[in-house]
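Me: I'd like to go through this one label by label and see what backs each of them up. Here it is.

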Amino acid sequence: MSDLIVLDRVGMVYTTASGSVEALREISLGVGAGEFAALVGPSGCGKSTLLRIIAGLRPATSGAVAVAGRPVDGPLHAVGMVFQVPVLLKWRRVLDNVLLPAELAGLDSRRHEHRARELLRLVGLDGFADKYPRELSGGMQQRAALCRALLLDPPLLLMDEPFGALDAMTRDELNLELLRVWGEGNQRRKTIVFVTHSIPEAVFLADRVVVLTPRPGRVASIVPVSLPRPRTVASRASGDFGALTLQIHESLTRAQPPGR
Amino acid sequence: MDRWLTRNAPAIVLFVALVGAWQVAVSAFGMREYILPSPLVVLRALGGSEIPWAGHLWITTLEIVGAFVLAGVVGVALGIAIAWSPVLAKALVPFLVFVNTLPKVAVAPLFLLWLGYGVVPNMLIGALIGFFPVVINTAVGLTQVDEEMLDLGRVFNAPKWRVFAKIRIPNAYPYILSALKVTATAAVVGAIVGEFVASQKGLGYVIITTQGSMNTPVAFAALVWISVIGLAVYGAVVLAARWIAPWAETSE
Ligand SMILES: Nc1ncnc2c1ncn2[C@@H]1O[C@H](COP(=O)(O)OP(=O)(O)OP(=O)(O)O)[C@@H](O)[C@H]1O
Ligand SMILES: [Mg+2]
């Protein structure tokens, strides 16, 4: 499998008026084309930062990033981005929010309306297409933002805790839905980098789980998940699932902050 | 209608009580009409044929609406220019701040000198007083956008103008509309000040002429008309806000 995303000793230092913060240090990592990679790590370790760097929305302060063999030096196009907060435009109804990527890209949004409605149905938001974002709960807004990211069917998805505000049931359902969207079992799959705080969610979804250390984030370990696909509700009950969850948990607790 | 009544009942009760107290006080203390006319006398002057109200009303309304529209259009245009280009912002902002510190009322005689009598100079004075908050609020509304929203534009390779059209300008609507409420009042002040300085028509002119004749009831009647126009313009902005930006929590 050739690597779609290649991170080579990526570092990030934020410089602000109140001083500088080292968010990431020497991250080297490859994500294969068609791979589902999960990213876990303690709060503030630089997961969101890393996604933004991959998307080309913020330049790394050291190291190099390449996507599809080309160095990233500006915003990538044709990525689906789900931010940690939903960022829906409050003056647009839900359907129009989902259609925004088409409009921003200068496409005819009417030709995407069918797909937009389909996606809304997929995440259980049919019936809310004509509501304004403020009429939706936090979890519903996250789901609408997910639909927006999927609208143009991007080959690369960067997702920052997309299901963080959902109840366990809806979350499990959407996990299965996401695997279908990804193309589990197909030859042509999307590539997904998925940030989460939930270890079971990471194990359930991913091919590999990347564990980051506390800030400055470094790669603590990379845990391959060899559970058979397609994954089902029963996957969670297997002994391997429990063992992997434990292994990642230990890796997370072992990763001590530097100097301590 | 019922809901409107319930919501505004406190204001209506206070208004009626004040007017009633005024009426009673005037007769109780035997106030001279040229010092303080009673509400009933003012009402009579409002309907009286002594002053050709329609003509004056038309002129002043024209000035106020003209000033309001001019301030709105120029203010939004300048605000967009400032938010669009840092170079334009650097050029325009100090100049605009300077213009805004001028006492506009003091400029009124100059406008009349240059432009002569008529509605145009009075419109310009109103616009000059009212445009600045529109510029500032437009520029602020266009720039106070979540970084993530702009990231959306970048990810989809949207040209700058499209980011303005789809994200920044809608984001600025509530800011612009709240500035226009201020502008509505400023337009009234400007138009009346202009008429005070020099004019032969309009409600401000009517007030000036009553000074000589001690016709205070007419001055009060003119005031009533002015506030009717002012409230109508203000009300139009509030309605427009509800129509253009129903998603924004309106605060009056
Ligand atoms: N725009 C910024 N300016 C300055 N510092 C920043 C900025 N964004 C993030 N940081 C800092 O970088 C570090 C990593 O932030 P980041 O948001 O990437 O963490 P995270 O792993 O996504 O955390 P969480 O799990 O809580 O979302 C934090 O210490 C934060 O203070
Ligand atoms: Mg984060």
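Reply: Let's start with a cut-off: a residue is called buried when its relative accessible area is under 20%, exposed when it is over 50%, and partly exposed in between. Keep in mind that this is a predicted model.

Me: Which residues of helix α9 in chain B are buried?

Reply: In α9(B), residues 203-213, the buried ones are B:Leu203, B:Gly204, B:Val206, B:Ile207 and B:Thr210.

Me: How do you know that they line one face of the helix?

Reply: Look down the axis of α9(B): the buried residues fall within an arc of 155 degrees, so they line one face. On the other side, B:Gln211 and B:Gly212 are exposed.

Me: Why is A:Leu205 called buried?

Reply: Its relative accessible area is 0%, and the label needs a value under 20%. So A:Leu205 counts as buried. It sits in helix α6 of chain A, residues 199-205. The C-alpha of A:Leu205 is 7.3 Å from that of A:Phe36, although 169 residues separate the two along the chain.

Me: What makes A:Ser48 and A:Gln84 donors to the magnesium ion?

Reply: For this metal, an N, O or S atom has to be within 2.8 Å. OG of A:Ser48 and OE1 of A:Gln84 coordinate ligand 2 at 1.9 to 2.2 Å, so both pass the cut-off. A:Ser48 belongs to helix α1 of chain A and A:Gln84 to the loop between β6 and α2, so the pair ties together parts that are 36 residues apart in sequence.

Me: Why is A:Ser48 called partly exposed?

Reply: Its relative accessibility is 23%, which falls between 20% and 50%. A:Gln84, at 39%, gets the label partly exposed too.

Me: Which element supplies the largest share of the shell around ligand 1?

Reply: That's α1(A), with three residues. By type, the shell divides into four nonpolar, eight polar and four charged residues.

Conventions. Residues numbered from 1 in each chain as written. Chains lettered and ligands numbered in written order. Predicted model: local features only at pLDDT ≥ 70, side-chain atom pairs only at ≥ 80, totals over all residues. Heavy atoms only, no water. Donors = N, O, S within 2.8 Å, 3.2 Å for Na, K, Ca; no water. Helix = DSSP H or I, 4+ residues; strand = E, 2+ residues; numbered from the N terminus. Buried < 20%, exposed > 50% of the residue type's maximum accessible area, 1.4 Å probe, protein only. Nonpolar A, V, L, I, M, F, W, Y, C, P; charged D, E, K, R; others polar. Arc of directions from axis to C-beta.
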